[in-house]
Amino acid sequence: MIARPHRLRRAALLVLLGPLTLTACTTPADETGPNPAQAPSGSIAQVCDKVKAGPAEAPAGAVKIDPAVSGDLAAKTRSSPAGTTFWLAPGTHRLGDDRYDQINPKAGNVYLGGPNAVFDGRKINQYAFSGHAADVKIQYLTVQGFAAPHDEGVVNHDSADGWVIEHNTVQDNDGAALMAGARQQVRANCLRRNGQYGMNAYAQDNAIKGLVVEGNEISGNNTGDWERKIDGCGCSGGIKFWSVDGADIRGNWVHDNRGVGLWADTNNNDFLIEGNVIENNDGSALMYETSYNAVIRGNTFRRNNWVDGKGYIDRGDSFPVASIYISESGGEPRVKARTDKLEISGNSFENNWNGVTLWENSDRFCNSPANTSSGSCTRLVPEQAKCAQPAIAAGALNEDCRWKTQRVEIHHNRFMLDPVVTNCEESCARMAMLANFGTFPEWSPYKGEVVQQAITFDQGNKLHDNTYSGPWNFVAFEPSRVLGFGEWQGAPYRQDQGSKLTRAGGG
């Protein structure tokens, strides 16, 4: 088993905040949250049950795979040279009866499914396609019924580089449908109803660069409900990204996942998240956590975070979990990327549970026991041992041992919340920029209001030229400081200059 990043209970961060003041919220009439997504009109990746069919005949030179012969694909992969194209005839293809039976492609192999070709693990085999061979293509297949363990994946299990995975349906597997390697292209796939993730973008040595995820439908994942099995593990959702350096996430439909839609966690950098429709996910539409430099533009966010948001209120916790949750993340010019900011612009937010939260945990920094990304340090100080007293008390290490929510610019977005739709008002219509009062560990140089002051006033975070419709309020500095629009725009915060607020919902 490959070691995966371990992440401690996220909710533990909130224990440090102390008692919180609740704002009013009524229980939604539908206890299950919003209705399942209906395909919106316009341009959207409606892929599931509409995946393009593969070639009806074997292409010239391709090796034909017979579904009536168990293990035919594995045997012919072993006996054929690198760069071979395999055509899987229509029907259901199987491996042997050992759980470790799998396909180990050779470099440059191509696997093409004929119309209605299915590769079925029968809940016996753990992995479909594994190994370290580069530049493999998998196209037009349905891959289902594999029993990958927790944190492991069915397709590209070993995170090989340069794979092209397109026009496939990868469904009803345990673990993750896909793992990811450098230069991987994931296009026009249906990734649905998998036990943990649609894709787990993790590779040893943090080697993933140049990842493309485009035009996929990613829905109904985390059927195993892993956050309940391992409380607050941060190990579930549509896609999880770990230490990816360069990713284009474009034109996907990410919906109805149990948990977060898209979650970038721990030292990711240089993301473009553009033109996606992200809706009806139980948790946040997007989390960008302890990571750097991103452009988030032209997306539609609808009805996200109803389940998790209501759950916080029901247990007496008014922390502003949000549709987009930025946690210890921001722009950093010293980390090379296409931008030196974290920019959120031109997006439409419709009836989500809260808008955007900018958060920084004062007690979470490199070498702190409160760092839930266990064993990880910042991209600026890779060696964890350096972030200790006395050096961390001042100078460069004081600045660089902390993941900072800084240089975040939120502008020209539309935030709409209709209380008639959500059956909730103040507690689900919040924008926030805040931190907790630093208390831990004893040797921390960030105790007291150090980080609260920094995130609110000193780190270049700026909202402007947005449009708000509905009962919006604003949380600044610390959780109990809830502001009206005029207070938010006025001194000392001076946020949302050029923005407009209409109290009526709808629009």
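This is a predicted model: local features need pLDDT of at least 70, side-chain atom pairs count only at pLDDT 80 or more; totals for chains, interfaces and linings use all residues.

User: How many helices and strands does the protein chain have?

Analyst: There are eight helices and 37 strands. The radius of gyration is 23 Å, close to the 23 Å the globule rule gives for 507 residues, so the chain is as compact as a globular protein of that length. Its C-alpha atoms fill a box of roughly 70 × 55 × 40 Å along the principal axes.

User: And what share of the residues counts as buried?

Analyst: 61% of the 507 residues. As for contacts between residues at least 6 apart in sequence, 73% of them join residues at least 24 apart.

User: OK, switching to annotation. Which residues does UniProt list for the right handed beta helix domain?

Analyst: Residues 156-309, from an unreviewed entry. In the model that span is 45% strand and 5% helix, and its end C-alpha atoms lie 34 Å apart.

User: Now helix α7. Which of its residues are buried?

Analyst: α7 covers residues 450-458, and V451, Q452, A454, I455 and T456 are the buried ones.

User: What do they pack against?

Analyst: Three strands: β29 (356-360), β32 (430-435) and β35 (473-477). Just after the helix, G460 has a positive phi of about 70 degrees.

User: And the buried residues of α2, which are they?

Analyst: In α2 (residues 72-79), they're D72, L73, A74 and T77. Those pack against β1 (63-65), β2 (85-88), β4 (110-113) and β5 (117-120).

Terms used. Residues are numbered from 1 along each chain as its sequence is written. Side-chain values use heavy atoms; hydrogens and water are left out. Buried means under 20% relative accessible area, exposed over 50%, partly exposed in between (1.4 Å probe, protein chains only). Helices (H or I, at least four residues) and strands (E, at least two) are DSSP runs, numbered from the N terminus. Contact means heavy atoms within 4.5 Å. UniProt positions are given in the numbering used here, feature names are shortened, and annotations may be inferred rather than shown by experiment. The radius of gyration is taken over C-alpha atoms; the globule rule is 2.2 Å times the number of residues to the power 0.38.
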